[in-house]
Amino acid sequence: MVETKDTVALMAAKELHFAYTSEAPILRGVDLELRAGELVALFGPNGAGKSTLLKVIGGLLSPSQGSVRVGGDSIDGWSTLKRAQHMARMPQGLDAWPDMKVGDLVRAGRYCHRPTRSWRGLFMTDAAPGDHSAVQAAMEQTGTLDWQDRSVRELSGGERERVLMARALAQGSSILLADEPTRSLDPSHQLEAFGLLKNQASQGKAVLVVTHDWNLASQFADRLVCLAQGQIVAEGTPEQVLRAPVLGPVFGSQLHFGTLPPGSDGEARPFVLPWSGTEASD
Amino acid sequence: MNPSQPVDPPSLQPSPQAAPTPGGKRVWWVACGALTLLMAAIWVSLGVGRSEEIDAMLALRGALAWMGLGEPLPDAQQWIVELRWTRTLVTALVGAGLAYAGALLQGVFRNDLAAPSILGTTAGASLGASIAILAVGGYGVEFLASMGPAPVLVMIAAFTGAALVTWLVAMLGRSGGRYSVPTLLLVGIAINAVVGGILAAMQSFALSDFEVAKALFAWGFGHLDDKGPTEIGLLCLALAIGASIIPFVGREMDLLAAGEEDALALGVDTGRVKALALLAATLCAAASVAAVGQIAFVGLVVPHIVRLLAGRSYRDLLPLSLLAGAAFLLSVDASQRWLLGDLRLRPGVTLSLVGGPFFLALLVVNRRRMSSW
């Protein structure tokens, strides 16, 4: 495992606070850094603020306090285009699935690269050089190339997740924010999805994944971050975080802890299962 | 083969032309069809009238003379030709404006049922125009047309009314960061009812003065007669400004269709797109209403037909709605004058008779989807 501690942080969030108007605060002082080449998994109980944190980091919501800096710059004054060039987001599904071909949806990821000061940029679909190859590469990596001409609406839940992943990859940004990318995937595709994210990280991107699956996170992530009630309560390697004294106070004691056999990287990682017994074991 | 040499399979060769534009060839067929229909409708509209038949040559010669090129036609012919050209152009431009406004609103509210007449935009414009007519002194449509600044004043008042109502709908119809269909429709119903009541009250008060009452009534169901170059100029200006935003919102609206937050994450400046589109829609709808009064359902029906024929991409839908809207309203008006002759239903009446059932049919077709609203 490459030690990445000495690398400069690609993204640094400082003292993030957030509240929707007239509601209880959702984020209460979150500090989080993402370094190049790192896969970080964010987990926590329902309603802990994970998705909100991802949106604030991604610039979709403005923090009420604190700042998000990317490459040393505060993203506060960035245009939406510039922000999208640096950070790609893989959402938890879409509000509405447009009647669009898969290829066109993936191509939408290239929107932020269109030249803004030329007629070509205003009128053409594939305006920027490299659009086509980026789209092709992203679809190839996610195994979606064969669906190019199918309507997005025909796809199953799992297939849609992969298309959204392809779109995020096509965006070609150095930071990848994924909100529960494995939610509706079967086990083999879950492994594949995390493998893909890990691969992106090893190519020098910073990847932040919100997930409920700490066992997959344990196998693939360099760092686990546990968010509870709007604050980070634990952060560290899977071995440091997936322990009864750390998780017990947050998730209760009905957990069973163990160690997996060595995985593809030769490391034996911890696992945690919900368990109907009462005593937390370690 | 040298293994170190990168080999590009033909399908992976980057070529900017490889990506299909939304709609593709179908769009050109629809555009050609709409253009043909428009030409035919212009021809019929110029030829049919109460007084005498005008053939195409005569219409062209009259038009040239009107622009100061060539001899005017003899006797009343020149006057008739000018009248018919004005009516034809105004009808086509109004159709284009309303259909375009409908397409824009459907994009902003991410809802195929949004239309200027349903959301209350045209009602707001009508209210503004009516207030302006009363304020100017209620001299009737003919008088307004002959006064230089008065139509401009009516136009400004109509725009203000339309903008206020559209803004109100956009504020009230929003909950939890998105527009819910029932809320939008209900807000539209309420606003249409309130504005309709105010208009009726104004007409009652104005009954003592026949000219004022007539001018106000004209705004109720549209009025395509007695128009002048001022209306044509205002409509052209509003449409030109409105259409100039297409390159800045067409593609963005396609991305917006999947959700506002998602579009924002992809880099779409959603605030700017919505502001531009709402302003352009308000401007075009207000110009149409200021010129001829309320004509319902054009903004709903035309984008729907275009969508069925040419696909859902707003980059095609917006420009095609302009063209198809002109063709649609002009053919409705021309065929109605041709078929009904002297009966002369007002365009808003015909459109309500045709458009109302169309709207109902849409609701029935979409019933299953709507049960989840």
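Biologist: Why does B:E260 count as buried?

Modeller: Its relative accessibility is 15%. Buried means under 20% relative accessible area, exposed means over 50%, and partly exposed lies in between (1.4 Å probe, protein chains only). The value of 15% falls under the 20% limit, so B:E260 counts as buried.

Biologist: What kind of model is this, and how are its parts labelled?

Modeller: This is a predicted model, in which local features need pLDDT of at least 70 and side-chain atom pairs count only at pLDDT 80 or more, while totals for chains, interfaces and linings use all residues. Residues are numbered from 1 along each chain as its sequence is written, chains are lettered from A and ligands numbered from 1 in the order in which they are written, and side-chain values use heavy atoms, with hydrogens and water left out.

Biologist: Where in chain B is B:E260?

Modeller: B:E260 belongs to helix α12, residues 260-265. Helices are DSSP runs of H or I with at least four residues, strands are runs of E with at least two, and both are numbered from the N terminus. B:G271 is 11 residues away from B:E260 in sequence, with 9.6 Å between the C-alpha atoms.

Biologist: How many helices and strands does each chain have?

Modeller: Chain B has 17 helices and two strands. For chain A the numbers are 10 helices and 12 strands. Chain B has 373 residues, 55% of them buried, and chain A has 282 residues, 51% of them buried.

Biologist: What makes A:E33 partly exposed?

Modeller: The relative accessible area of A:E33 is 31%. That value is neither under the limit for buried nor over the limit for exposed, so A:E33 is partly exposed. A:E33 sits in strand β2, residues 27-35 of chain A.

Biologist: Which residues are in contact with A:E33 beyond its neighbours in sequence?

Modeller: Contact means heavy atoms within 4.5 Å. With neighbours within four places left aside, the partners of A:E33 are A:A9, A:M11, A:A12, A:E38 and A:R223.

Biologist: What is noted about phi of A:E15?

Modeller: Phi of A:E15 is near 50°, a positive value in a residue other than glycine. Most residues other than glycine have a negative phi. A:E15 lies in strand β1, residues 9-18 of chain A, and counts as partly exposed at 42% relative accessibility. In chain B, phi of B:R110 is also near 50° and positive. B:R110 is in the loop between α3 and α4, and its relative accessibility of 25% makes it partly exposed.

Biologist: Why does B:F109 count as buried?

Modeller: B:F109 has 2% relative accessibility, which is under the limit, so it counts as buried. B:F109 is placed in the loop between α3 and α4 of chain B. Beyond four places in sequence, B:F109 touches B:A114, B:L119, B:A170, B:Y179, B:L184 and B:L278.

Biologist: What makes a group of residues a nonpolar core?

Modeller: A nonpolar core is a set of buried Ala, Val, Leu, Ile, Met, Phe, Trp, Tyr and Cys residues joined through side-chain atoms within 4.5 Å. The largest has 115 residues, and those with the most contacts inside it are B:L104, B:F109, B:M253, B:V298 and B:L318. Helix α3 of chain B (residues 77-108) gives the largest share of this core, 16 residues. Apart from it lies another core of 51 residues, among them A:V102, A:M139, A:L185 and A:L247.

Biologist: How do you know that the structure has cavities?

Modeller: A cavity is a set of points, on a 1 Å grid over the protein atoms alone, where a 1.4 Å probe fits but cannot get out; lining residues have an atom within 4 Å of a point. Grid points are joined across faces, edges and corners, and a volume is the space filled by probe spheres set on the points. The search finds three cavities of 30 Å³ or more.

Biologist: How do you know that chain A has residues with pLDDT under 50?

Modeller: pLDDT is the predictor's confidence in each residue, from 0 to 100. Over residues 1-6 of chain A pLDDT stays under 50. The mean for chain A is 87, and 91% of its residues reach 70 or more.

Definitions and conventions. On a 1 Å grid over the protein atoms alone, a cavity is a set of points where a 1.4 Å probe fits but cannot get out, and a pocket is an open set with protein on both sides within 12 Å along at least five of seven lines; lining residues have an atom within 4 Å of a point.
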